[in-house]
Amino acid sequence: MLIEEWFEQALSYPGIQLLELTPEIAIESTRLPGEFHRDPADQIIVATARVLGCSLVTSDDKILRYPHVTTVNE
């Protein structure tokens, strides 16, 4: 499957939307409170949830143990 096809399929699910990486999210990803691991992708994911005030659906143990973001274990 081509990446373009993957994106088209992923974005076709109800309620799914592509979000921009805003300056606010980028800055928040570098200033997460407490201890968080150094994976920049995870930092951006967590920062996005924090800035938008939404729960993060994940099975990632490191993110689930992070107390400064609301998570749902799926």
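1. A word to start with: a residue is called buried when its relative accessible area is under 20%, exposed when that area is over 50%, and partly exposed in between, using a 1.4 Å probe and protein chains only. By that rule, phenylalanine 36 and tyrosine 66 are both buried. We will come back to this pair below.

2. Some ground rules for reading along. This is a predicted model, in which local features need pLDDT of at least 70 and side-chain atom pairs count only at pLDDT 80 or more, while totals for chains, interfaces and linings use all residues. Residues are numbered from 1 along each chain as its sequence is written, and side-chain values use heavy atoms, with hydrogens and water left out.

3. How confident is the prediction? The score here is pLDDT, the predictor's confidence in each residue on a scale from 0 to 100. The chain has a mean pLDDT of 95, and 100% of its residues reach 70 or more. Confidence is highest in H2, at 98, and lowest in E2, at a mean of 91.

4. Now the overall layout. You will find four helices and two strands in the chain, in the order α-α-α-β-α-β from the N terminus on. Helices (H or I, at least four residues) and strands (E, at least two) are DSSP runs, numbered from the N terminus. Along the principal axes, the C-alpha atoms fill a box of roughly 40 × 30 × 20 Å. Of the 74 residues in the chain, 22% are buried.

5. Next, the aromatic rings. Rings of Phe, Tyr and Trp (its six-membered ring) pair if their centres lie within 6.5 Å; planes under 30 degrees apart count as stacked, over 60 as edge-to-face and the rest as tilted. Searching the whole structure gives two aromatic pairs. In one, the rings of tryptophan 6 and phenylalanine 7 have centres 5.2 Å apart and planes at 90 degrees, so this pair is edge-to-face. Tryptophan 6 is partly exposed at 46% relative accessibility, and phenylalanine 7 is partly exposed at 37%. Phenylalanine 36 and tyrosine 66 form an edge-to-face pair too, with 4.6 Å from centre to centre and 70 degrees between the planes.

6. What does the pair of phenylalanine 36 and tyrosine 66 tie together? Phenylalanine 36 lies in the loop between helix H2 (23–30) and H3, and tyrosine 66 in the loop between helix H4 (61–64) and strand E2 (71–73), so the pair joins parts that are 30 residues apart in sequence. Tyrosine 66 has a relative accessible area of 3% and is therefore buried. Tyrosine 66 and glutamate 35 are 31 residues apart in sequence, with their C-alpha atoms 7.9 Å apart in space.

7. Finally, the largest pocket, which has a volume of about 310 Å³. Its lining has 13 residues, and the closest to the pocket centre are Gln17, Leu19, Ile45, Thr48 and Leu56. On a 1 Å grid over the protein atoms alone, a pocket is an open set of points where a 1.4 Å probe fits, with protein on both sides within 12 Å along at least five of seven lines; lining residues have an atom within 4 Å of a point. Grid points are joined across faces, edges and corners, and the volume is the space filled by probe spheres set on the points. Helix H3 (40–52) and strand E1 (56–58) each supply at least two lining residues, and H3 gives the most, with four.
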